[in-house]
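Let's take a friendly walk through a protein structure. Have the sequence and the 3D view ready, and follow along.

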Amino acid sequence: LTQTWEAMQEQKSSGLTKHIGVSNFNQGKLKEILGMEGEKPEMNQVEMHPFLPQKNLVNFCAENGILLTAYSPLGSPDSRADRHKNDPKLLENAVVAEIARKHNASVGQVLIAWSISRDIAVIPKSVNKDRIIENLKAAELDLDQQDLDHFANIEVNHRFVDGSFFTGPQSPYKLTDLWDS
Ligand SMILES: NC(=O)c1ccc[n+]([C@@H]2O[C@H](COP(=O)([O-])OP(=O)(O)OC[C@H]3O[C@@H](n4cnc5c(N)ncnc54)[C@H](OP(=O)(O)O)[C@@H]3O)[C@@H](O)[C@H]2O)c1
């Protein structure tokens, strides 16, 4: 980690990139970097949506001036392997559907608006022009405290990207290294 982070800082100091950050870093790994000489990561990109609000990581990053990006904000419905077929469906959740109805918006839009309301960058993926336009319009939605309370009480905890993708035979990581419990 030390060598990689030093190499990334060199890319920035030599002008090859303007910003450096990390992805899928738990608090332990962030603390490791924060304990090193030099720059701290500007951004940490992690899975985040109402089934995985990552409250402790959000607080830790805010306290340490690290921005967050929410990936899989719609629950990655197109990258689910067969073994995930029984996963809970974020886009079909009744609480989310009710909030969408109230705002006359789509389920996708209120899921995106949920991250925006937390001042967290959010990266929904779509190859569909109409959905890309729809998703961008989520920035115009104003969720109120009641909506946020409903999201907070959704009572489903689920991580869609379980980490097996990152822990193949060539990887230095094991699943137990990846996430905060
Ligand atoms: N750093 C990491 O380790 C990591 C891991 C996973 C993902 N990511 C990144 O996170 C981003 C998003 O992740 P993702 O694609 O896995 O998940 P996602 O954004 O949660 O879901 C994308 C899926 O939702 C559909 N969709 C998009 N907008 C919709 C809407 N308004 N209503 C209904 N369905 C909608 C898309 O279909 P259509 O395309 O057909 O519209 C696509 O099937 C990507 O840029 C990805 O690279 C990063």
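This is a predicted model: local features need pLDDT of at least 70, side-chain atom pairs count only at pLDDT 80 or more; totals for chains, interfaces and linings use all residues.

Below we go through the sheet, the ligand's surroundings, a serine and the aromatic pairs.

Start with the strands: four of them make an open sheet in the order β1-β2-β3-β4, and the pairing is parallel. At the edges sit β1 (22–23) and β4, each of which pairs on one side only.

Now zoom in on β3 (67–71). Strand β2 (residues 43–47) runs parallel to β3, and five bridges join the two. One example is Val46 in β2, whose bridge partner in β3 is Ala70. To get from β2 to β3, the chain passes through helix α3 (residues 55–63), and this β-α-β crossover is right-handed.

Turn to β4 (residues 121–122) and you'll find another parallel neighbour of β3, this time joined by two bridges. How enclosed is β3? Four of its five residues are buried, so the strand is largely enclosed by the rest of the structure.

## Around the ligand

Which residues come nearest to the ligand? There are 23 residues around it, and the nearest are Leu74, Ser76, Ser126, Arg131 and Asn135.

A polar backbone atom of Leu74 is 2.7 Å from an oxygen atom of the ligand. Lys125 also uses its backbone: an N or O atom there lies 2.9 Å from a ligand oxygen. With Glu134, look at the side chain instead, where a polar atom lies 3.0 Å from a nitrogen atom of the ligand. On its own, the ligand has 920 Å² of accessible area, and the protein covers 76% of that.

## A closer look at Ser76

Ser76 was on that list of nearest residues, so let's find it in the chain. It lies in the loop between β3 and α4 (94–102). Is Ser76 buried or exposed? Its relative accessibility is 14%, and buried means under 20%, so Ser76 counts as buried.

Its side chain has a partner too: Ser76 makes a polar contact with the side chain of Ser72, at 2.7 Å.

## Aromatic pairs

How many aromatic pairs turn up in the whole structure? A search finds three, and we'll look at two of them here. To describe a pair of aromatic rings, you give the distance of the centres and the angle of the planes.

Phe51 and Phe160 form a stacked pair, with 6.2 Å centre to centre and 25° between the planes. This pair links distant parts of the chain, 109 residues apart: Phe51 is in the loop between β2 and α3, and Phe160 is in the loop between α7 (145–152) and α8 (175–178). Phe51 counts as buried, at 2% relative accessibility, and Phe160 is buried as well, at 3%.

Phe166 and Trp179 give you an edge-to-face pair, 6.5 Å centre to centre with 75° between the planes. Phe166 lies in the loop between α7 and α8 and Trp179 in the segment after α8, so this pair ties together parts that are 13 residues apart in sequence. Phe166 is partly exposed, with a relative accessible area of 26%.

Key. Residues are numbered from 1 along each chain as its sequence is written. Side-chain values use heavy atoms; hydrogens and water are left out. Buried means under 20% relative accessible area, exposed over 50%, partly exposed in between (1.4 Å probe, protein chains only). A polar contact is a pair of N or O atoms within 3.5 Å; within protein, one must be able to donate a hydrogen and the other to accept it, and residues adjacent in sequence count only if both atoms are side-chain atoms. Two strands pair if DSSP finds at least two bridges between them. A crossover is right-handed if, with the strands pointing away from the viewer, the path from the first strand over the helix to the second runs clockwise. A residue is near a molecule or strand if one of its heavy atoms lies within 4 Å of it. Accessible areas come from the Shrake-Rupley method with a 1.4 Å probe; for residues, only the protein chains shown count as cover. Rings of Phe, Tyr and Trp (its six-membered ring) pair if their centres lie within 6.5 Å; planes under 30 degrees apart count as stacked, over 60 as edge-to-face and the rest as tilted.
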